[in-house]
There are 2 protein chains.
Amino acid sequence: MNRTNGGGMRRATGGVNLLALRSHNTALVLDLLRTAGPEGISRLELAERTGLTPQAVSKITARLREDGLAAEAGRRASTGGKPRTVLRLVPEAGHAVGVHLDRDELRAVLTDLDGTVVAQRRAPLDLGAGAEAVLARVAGVVGALGDGAAARVRSPLGVGVVLPGPLDHERGVLHRVTGFPEWDGFPLRDALAERLGSVPVVVDKDTNAAALGLAVGGEGGSFAYLHLGTGLGAGLVIGGSVHRGPRTGAGEFGHQVVQLDGPPCGCGDRGCVEALCLGAVERGDTQEAARVLGVGAANLVGLLDIDRVLLGGRTVEADPEAFVRGVRAVLDARARRTGDAPVPVRVASGGGHGVAEGAAQLVLAPVFGRGEG
Amino acid sequence: MNRTNGGGMRRATGGVNLLALRSHNTALVLDLLRTAGPEGISRLELAERTGLTPQAVSKITARLREDGLAAEAGRRASTGGKPRTVLRLVPEAGHAVGVHLDRDELRAVLTDLDGTVVAQRRAPLDLGAGAEAVLARVAGVVGALGDGAAARVRSPLGVGVVLPGPLDHERGVLHRVTGFPEWDGFPLRDALAERLGSVPVVVDKDTNAAALGLAVGGEGGSFAYLHLGTGLGAGLVIGGSVHRGPRTGAGEFGHQVVQLDGPPCGCGDRGCVEALCLGAVERGDTQEAARVLGVGAANLVGLLDIDRVLLGGRTVEADPEAFVRGVRAVLDARARRTGDAPVPVRVASGGGHGVAEGAAQLVLAPVFGRGEG
DNA sequence: TGCACTTTGGCAACAGCGTTGCGAAAGTAG
DNA sequence: CTACTTTCGCAACGCTGTTGCCAAAGTGCA
């Protein structure tokens with residue numbers, strides 16, 4: 001705010017609110033450029049899509065070109081007059097690092113502005129080896145990624161780190177990470193930022209990163225990403241942005257009770273979807289596991305009225321068709337009862353590096369006006 | 001938009017985007033004025049709370065005073081200099097009508113800008129009597145409300161109509177309203193707007209109106225309003241605004257399955273919270289009903305990470321303490337397992353006219369920058 | 001080949017937004 | 001009565017997107 005007039009600093013003219021407007025419109029344009037991909041998009045199309053006047057778009061794109069973020073990329077065929085000049089994003093103008101900390105493994109990617117993976121690393125990891133060891137390993141991998149890239153990347157825009165949670169996204173502090181309670185209270189964001197030398201760090205749950213990656217990757221509207229691996233969690237995207245809740249606690253899908261007084265779950269409750277679902281998987285009864293997962297998904301669909309359900313995680317990937325079929329059956333039955341169109345179910349694209357890429361998007365998304373910007 | 005230069009119209013100077021910024025800031029100020037109530041709020045306090053400069057606030061409030069929406073209301077005690085001038089909202093500057101259509105009864109209120117009820121009507125209603133009869137009844141009551149007010153209100157800002165749903169809030173079209181399938185596809189908003197003579201009409205679900213009323217009434221953050229009457233539904237408020245989902249389908253709390261293959265429900269599924277809960281109520285087992293409701297609420301809390309759970313509806317009001325106690329027990333047990341602070345449970349304030357008042361807020365909220373503006 | 005027409009897109013002038021500089025108004029304290 | 005503090009509006013300013021206008025670059029037809 002800086003409303004002190006005494007010292008003589010004569011900065012911040014113009015107005016904070018107008019700056020907000022400017023960056024909002026700039027982000028809008030950047031996001032359209034990104035979505036258009038290498039084919040690019042013309043100024044007039046940008047104007048139509050943003051609702052801005054062509055002249056405003058010209059001004060904004062001129063700034064972007066000056067900053068090296070956008071460039072001209074040929075022209076379209078004429079429609080009777082001067083042909084439209086096509087603009088595209090310059091992906092090399094910025095890079096981001098995404099790190100996925102799993103229980104036994106670390107995956108990291110370096111992406112450009114576009115989200116395209118430029119370099120990647122994969123290493124074994126023991127999340128229980130203590131803060132010092134894990135931090136050192138992460139810092140090492142992040143440094144190696146930059147050197148390994150085609151064009152060496154000295155300073156990425158930021159580093160996104162994701163892990164199973166629960167945690168506090170806003171402060172970047174871990175809570176009782178499932179299976180590794182010793183992390184409770186550890187300020188991962190600040191510790192890592194200091195270690196990496198003032199590179200911005202963002203911390204989030206792995207399911208949120210996966211969901212964000214899908215949202216940026218083209219999944220529009222509202223959807224749920226259900227992750228079935230060693231546990232069962234969800235990432236929720238509502239109206240294009242990830243819903244975390246005030247304490248980053250949203251997405252606790254697995255401990256939703258679907259069988260009153262059912263079999264005990266590791267969490268201490270009874271009849272949780274996770275317990276029932278993993279139990280069925282263990283018994284080899286994939287069909288029942290899928291049905292239970294479908295019931296949980298149907299509950300979610302009813303509560304939030306989402307557009308789509310996407311499935312992922314190692315267990316799903318082991319037999320994707322069975323899970324899709326089972327979940328779809330439950331949702332279709334629901335749709336027949338309500339009279340609405342059935343909610344589509346698919347396997348989430350991305351797979352292996354999906355989560356790490358999503359982690360990188362934690363850094364990139366704000367640039368394009370997605371998330372808390 | 002109007003980008004045609006041919007005719008010579010020289011309107012719309014200034015810019016659509018700047019107008020959006022202006023109305024956003026104006027709404028921010030208006031909302032603070034409303035929240036402050038009759039005691040009012042000073043310009044400097046407005047500046048601090050909005051993040052605007054004092055001068056910007058002066059300009060905005062000057063416009064508001066010119067338009068009759070705000071007025072000076074005395075001054076505060078001096079803190080060593082010129083005392084602050086207190087501003088307040090002028091509630092009589094605008095009015096809104098809220099109509100609550102229940103299965104057997106119609107309640108309607110006329111409120112001022114503040115949301116204070118100025119006049120009210122209550123009449124028996126048969127929702128199954130056909131469109132013509134219901135429309136006539138509503139139009140009659142709305143007209144009577146305006147005449148009955150202390151100062152006759154000729155043209156309210158709009159009319160909010162709410163009923164059990166399901167329906168399409170955006171288009172104002174009803175779907176298969178529970179118990180009255182004959183309404184399916186009826187364009188209530190447009191039909192009523194035409195009948196009332198171009199007064200804006202908004203249509204929504206009753207639970208959403210109740211939730212909106214609570215949100216405007218001071219419940220901040222994210223919360224769920226659970227309504228237990230002849231059915232069981234929920235209104236969700238996420239980050240201060242009502243979450244309806246893309247098809248106004250959100251809040252289908254009652255048909256959340258909490259007992260796999262449990263007793264059949266009217267919806268055609270098995271083990272729905274509604275069936276279990278109402279079944280327990282019918283047996284006189286309030287304790288079990290509250291426990292089941294609590295399990296559903298806990299599922300919701302886990303999925304969305306909300307701050308608060310509020311209970312309402314005729315069945316709850318019959319024995320509020322038992323329901324609060326039962327739901328709280330389940331949520332507290334959950335909190336002990338996760339280690340988080342327990343989610344508070346309360347009975348929703350408002351009671352009788354709460355839903356109709358919330359319906360009026362459907363009209364007023366956009367003025368104060370809440371909702372789809 | 002040349003002319004009329006269409007479409008793109010930049011330059012310059014403009015209105016309106018919030019901000020800064022400054023001074024009048026309205027209190028308190030000595 | 002004087003000195004000081006605090007509130008708050010007027011005037012000038014910088015920046016935003018918008019409008020008016022024109023050059024550039026194509027197509028289509030005579």
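## Cis peptide bonds

B:P166 lies in the loop between β7 (159-163) and β8 (167-168) of chain B, where strands (E, at least two residues) and helices (H or I, at least four residues) are DSSP runs numbered from the N terminus. The peptide bond joining B:G165 and B:P166 is cis, with omega about 5°. In chain A, the bond from A:G165 to A:P166 is likewise cis, and its omega is near 5°. A:P166 is placed in the loop between β7 (159-163) and β8 (167-168) of chain A.

## Basis of the model

This is a predicted model, in which local features need pLDDT of at least 70 and side-chain atom pairs count only at pLDDT 80 or more, while totals for chains, interfaces and linings use all residues. Residues are numbered from 1 along each chain as its sequence is written, chains are lettered from A and ligands numbered from 1 in the order in which they are written, and side-chain values use heavy atoms, with hydrogens and water left out.

Chain A is assigned domain 1 (16-89), domain 2 (94-210) and domain 3 (220-349); the bounds come from an automatic or database domain assignment. Between domain 1 and domain 2 of chain A, the C-alpha centres are 33 Å apart.

## Extent of the interface

Contact (heavy atoms within 4.5 Å) links 50 residues of chain A with 50 residues of chain B. The two chains bury about 4,000 Å² between them, with carbon and sulfur atoms giving 51% of that area; buried area is the accessible area (1.4 Å probe) that two parts lose on being put together, summed over both. A:L260, A:L303 and A:D305 supply 19% of the area that chain A buries against chain B, more than any other three residues.

Of these residues, A:D305 has a positive phi of about 55° although it is not a glycine. A:D305 is located in the loop between α8 and β14 (308-312) of chain A.

## Polar pairing and composition

The interface of chain A and chain B holds 8 salt bridges, each defined as a side-chain nitrogen of Lys or Arg within 4 Å of a carboxyl oxygen of Asp or Glu. A salt bridge joins B:D307 to A:R247, with the closest N and O atoms 3.1 Å apart.

On the side of chain A that touches chain B, α1 (16-36), β12 (232-238), α8 (286-304) and α10 (320-338) of chain A each supply at least two residues. The most comes from α8(A), with 8 residues. By class, this side of chain A has 21 nonpolar, 18 polar and 11 charged residues; Ala, Val, Leu, Ile, Met, Phe, Trp, Tyr, Cys and Pro count as nonpolar, Asp, Glu, Lys and Arg as charged, and the others, Gly among them, as polar.

## Surroundings of B:L69

B:L69 is situated in the loop between α3 (54-66) and β2 (70-75) of chain B. Leaving aside its neighbours within four places in sequence, B:L69 has contacts that include B:L64, B:R88 and B:L113.
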